[in-house]
Amino acid sequence: MRRLLRAAFLLTWVLLPSRLLYSQIGYKSAPDAAQRKTLLLRDFQPKSMLHAGANPVPRARFPVIDVHQHVNDALGISDEHMPAEKVVAMMDQLNIQTIVILTGMWGDRLQKVMDEMVKPYPGRFLVFTQIDWSKIDDPHFGSLMVGQIDDAVRRGARGLKVLKDLGLGVRDQSGKLIAVDDPRLDPIWEECGRLGIPVSIHSGDPEAFFHPLDATNERYEELIEHPDWSFYGPQFPSLQQVLEARNRIFAKHPNTTFVSLHMGWPENLDWVAQMLHHYPNVYVEFGAREAELGRQPRRTRKLFLDYQDRVLFGTDNSAGPALYSNYFRWLETGDEYFDYYDGPAQGRWTISGLELPDPVLQKIYHRNAEKLFSRFKGLKAARGE
Ligand SMILES: [Zn+2]
């Protein structure tokens, strides 16, 4: 009996608690962990427990020129039409000096944007024209487009916008994709150089869009939302092929100023730095790439300092205080680990601030864009009109 009690005592006070302790805080993974990790991706919404400082920036420290907008454009890229006076009031509140509406099309539709946005608010809006791809099979395509661009400049357009469909979507009658460096387009690039208007060109897209949509794709959820954004497959050139074709037009038209929209290849900033080094006629713009750049803040900051005279501020998103204050916070503060605008729509990561020095901030916010648009020569200089 005594022995039994002793055994019971041992079991209760010595063995059991120690066993319980070990089973409560162990160091080995649960053997069934893999089977139990079945939470659906769409239901996984983790909240950061980081007590990181937050310094909101509701108004930019210096006046801003946003060189990549589509607000009230001719093509209808922006989701809603905002009364012009509301746009201007928003700009005043945020310290935005000028907005560049890139998708202005041409002819009457361009004229409508000029009449609505540019004429009543001098200096507050600039509009770019575009290429009419429906005429690509015309044997006089080049001269037709030169005439169209001249007409657009006469109506007040101050640049040419080229959407990413060049190189990835525009095909001629034979069904062949038109390459970015197709010689049929040479007269267009040359004319823009003569007129002194920049060519803002979007070539390629996020690198993940050129990869299979599988469990390793860092933009998996974004591609599920937008399956037509995938450029994976034999029907498409690779991202690098598209970008190299684009670099060949930079080299071939040194008197034309190009703006590489969305940085060109923001996942590969060493490549972007090389590109800027080789082509002095090229600027970069970071619209809709806050997420890509903000997740590599030290490398981005170095690039922005090294090429501080050729980086332009752009957003390419629904114009509003939420968008702009997020970009201002990213550029101005040293805040760590916060959501990029619209995050996590592009991918499940966060960004950190660049804390740019004031002189660099001033260049990126407005001085570089002012320099770019001061090169305007117009038809008189180009044609002797
Ligand atoms: Zn855009």
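1. Ground rules. The model is predicted, so local features are taken at pLDDT of at least 70 and side-chain atom pairs only at pLDDT 80 or more, while totals for chains, interfaces and linings use all residues. Residue numbers start from 1 along each chain, following the sequence as written.

2. The core. Start with the largest nonpolar core, which has 92 residues. A nonpolar core here is a set of buried Ala, Val, Leu, Ile, Met, Phe, Trp, Tyr and Cys residues joined through C-beta atoms within 7 Å. Buried is a neighbour count: 20 or more other C-beta atoms within 10 Å of the residue's own, against 12 or fewer for exposed and anything in between for partly exposed, with C-beta atoms placed from the backbone. The members that touch the most other members are Ile-101, Val-127, Cys-192, Val-272 and Leu-312.

3. Val-127 close up. Beyond its neighbours within four places in sequence, Val-127 is in contact (C-beta atoms, placed from the backbone, within 7 Å) with residues including Ile-101, Leu-110, Val-113, Met-114 and Val-118. Its contacts also include Gly-104, Gly-156, Ala-157 and Arg-158.

4. Helix H3, residues 84-94. A word on labels: helices (H or I, at least four residues) and strands (E, at least two) are DSSP runs, numbered from the N terminus. Val-87, Met-91 and Leu-94 are the buried residues to look at in H3. They sit on the same side of the helix because they span an arc of only 70° around the axis, the arc being that of the directions from the helix axis to the C-beta atoms. Strand E2 (96-101) and helix H13 (321-332) are among the elements covering the buried residues. After H3 comes Asn-95, with a positive phi near 70°.

5. Helix H10, residues 269-278. In this one, Leu-269, Val-272, Met-275 and Leu-276 are buried. Down the axis of H10 they fall within an arc of 110°, so they line one face of the helix. Asp-270, Gln-274, His-277 and His-278 are exposed on the face turned away from the buried side. The cover over the buried residues includes helix H9 (239-252), strand E7 (282-285) and H12.

6. H10 against H12. How do these two helices pack, and at what angle? H10 and H12 (residues 297-306) make an angle of about 5°, with axes 10 Å apart; axes are lines fitted to C-alpha atoms, for helices over the stretch in contact, and angles run from 0 to 180 degrees between N-to-C directions. The pair is therefore roughly parallel, a label for angles under 35 degrees, with over 145 being roughly antiparallel, 65 to 115 roughly perpendicular and the rest oblique. From H10, Leu-269, Val-272 and Ala-273 meet Arg-299, Thr-300, Leu-303 and Asp-306 of H12. By class, that contact has four nonpolar, one polar and two charged residues. Nonpolar means Ala, Val, Leu, Ile, Met, Phe, Trp, Tyr, Cys and Pro, charged means Asp, Glu, Lys and Arg, and the others, Gly among them, count as polar.

7. Helix H7. Ile-188, Trp-189, Glu-191, Cys-192, Gly-193 and Leu-195 are its buried residues. Just after H7, Gly-196 has a positive phi of about 75°.

8. Met-263 lies in the loop between strand E6 (258-260) and H10, and is buried, with 24 C-beta neighbours inside 10 Å. Asp-316 is in the loop between strand E8 (311-312) and H13, and is buried with 21 other C-beta atoms within 10 Å. Elsewhere, the peptide bond from Gly-343 to Pro-344 is cis, with omega near 0°; Pro-344 is in the loop between H13 and helix H14 (358-373).

9. Two loop residues. Ser-318, in the loop between E8 and H13, is partly exposed, with 16 other C-beta atoms within 10 Å. Ser-318 and Val-71 are 247 residues apart in sequence and 7.3 Å apart in space, C-alpha to C-alpha. Gln-173 sits in the loop between helix H6 (165-168) and helix H7 (186-195), and is exposed.

Definitions and conventions
Two residues are in contact if their C-beta atoms, placed from the backbone, lie within 7 Å.
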